[in-house]
Amino acid sequence: MKSSRTISLLSTAFASAAFFCVVAGSAFAHSRSGDGSHAGLDIPEISHGEMAVISDYRSGIIELASQAVDTNERFRRVLNYAQIQYSYCLWGRMPGSVTDEESPFNECAHAHLAATKAVLLSMREMPRESAAAGDIISAVDADMVRRGLALVTCRFSGEAFNTADVVKPHWSKVPFHPASMASLTGLAALFGVGFFALRRLLRPKAQSSE
């Protein structure tokens, strides 16, 4: 029982530590990496309304793309960019990152979902994936109409992206966005509790082994 609690606390502590390593590594970065080089591949923009729907299908799109066999370099690079951007957006864990235009993570979410959309549209031309990709596209279109999102835009809706230009969250704006601040504060508290509980559990073992 005690070992299972220890493993659980270790998992929580390591997960929290990994999360904060990502945050710390990007905390003082600009919203875009480097000087915004455009030596990579261009990715068309995605509207605010499309984002809300594509995000619901993201896992299925990425899973289908990851299993694709008949691919080319462009497809693989855009897919890789979509996955890298997703991790920079903290794996979609921040509240309002997709729906809230004021979220410090909204532009970042635009980037990874624009790449995800590009990957989906590319699969329409693949012999083995075209049917499944077509089904997802039809479902996305139907959801867009049903939810009345076709004309919903925001200030990032006209922004195109590039695989050489990683879009990072606007960390300086986090303190002014209550939902993001509350989420990060909660994770910090979880990390602190896990760390001290782990120390308390392991201390008797260290003493008894001497």
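This is a predicted model: local features need pLDDT of at least 70, side-chain atom pairs count only at pLDDT 80 or more; totals for chains, interfaces and linings use all residues.
**Exercise 1.** State how many helices and strands the protein has, and in what order the elements run from the N terminus.

*Solution.* The count gives six helices and two strands. Read from the N terminus on, these elements follow the order α-β-α-α-α-α-β-α. Of the 210 residues, 42% count as buried.

**Exercise 2.** Decide how α4 is oriented relative to α5, and which residues make the contact.

*Solution.* Two packed helices are described by the angle and the distance between their axes. Here the axes of α4 and α5 (residues 130-146) come within 8 Å and cross at roughly 130°. On the α4 side the contact involves L120, L121 and M123, which meet S130, A133, I136 and I137 of α5.

**Exercise 3.** Find the aromatic pair, classify its geometry, and say which parts of the chain the pair links.

*Solution.* The count comes to one aromatic pair. This pair consists of F105 and W171, whose ring centres lie 5.5 Å apart with 85° between the planes. Since planes over 60 degrees apart count as edge-to-face, the pair is edge-to-face. F105 sits in the loop between α3 (73-88) and α4 (106-123), whereas W171 belongs to the loop between β2 (161-162) and α6 (178-208), so that the pair links distant parts of the chain, 66 residues apart. Both F105 and W171 are buried.

**Exercise 4.** Identify the residue that lies over the face of Y86.

*Solution.* R58 takes this position, at 3.4 Å from the ring centre of Y86.

Notes: Residues are numbered from 1 along each chain as its sequence is written. Side-chain values use heavy atoms; hydrogens and water are left out. Rings of Phe, Tyr and Trp (its six-membered ring) pair if their centres lie within 6.5 Å; planes under 30 degrees apart count as stacked, over 60 as edge-to-face and the rest as tilted. Helices (H or I, at least four residues) and strands (E, at least two) are DSSP runs, numbered from the N terminus. Buried means under 20% relative accessible area, exposed over 50%, partly exposed in between (1.4 Å probe, protein chains only). A charge sits over a ring if NZ of Lys or CZ of Arg is within 6 Å of the ring centre and within 35 degrees of the ring normal. Axes are lines fitted to C-alpha atoms, for helices over the stretch in contact, and angles run from 0 to 180 degrees between N-to-C directions. Angles under 35 degrees count as roughly parallel, over 145 as roughly antiparallel, 65 to 115 as roughly perpendicular and the rest as oblique. Contact means heavy atoms within 4.5 Å.
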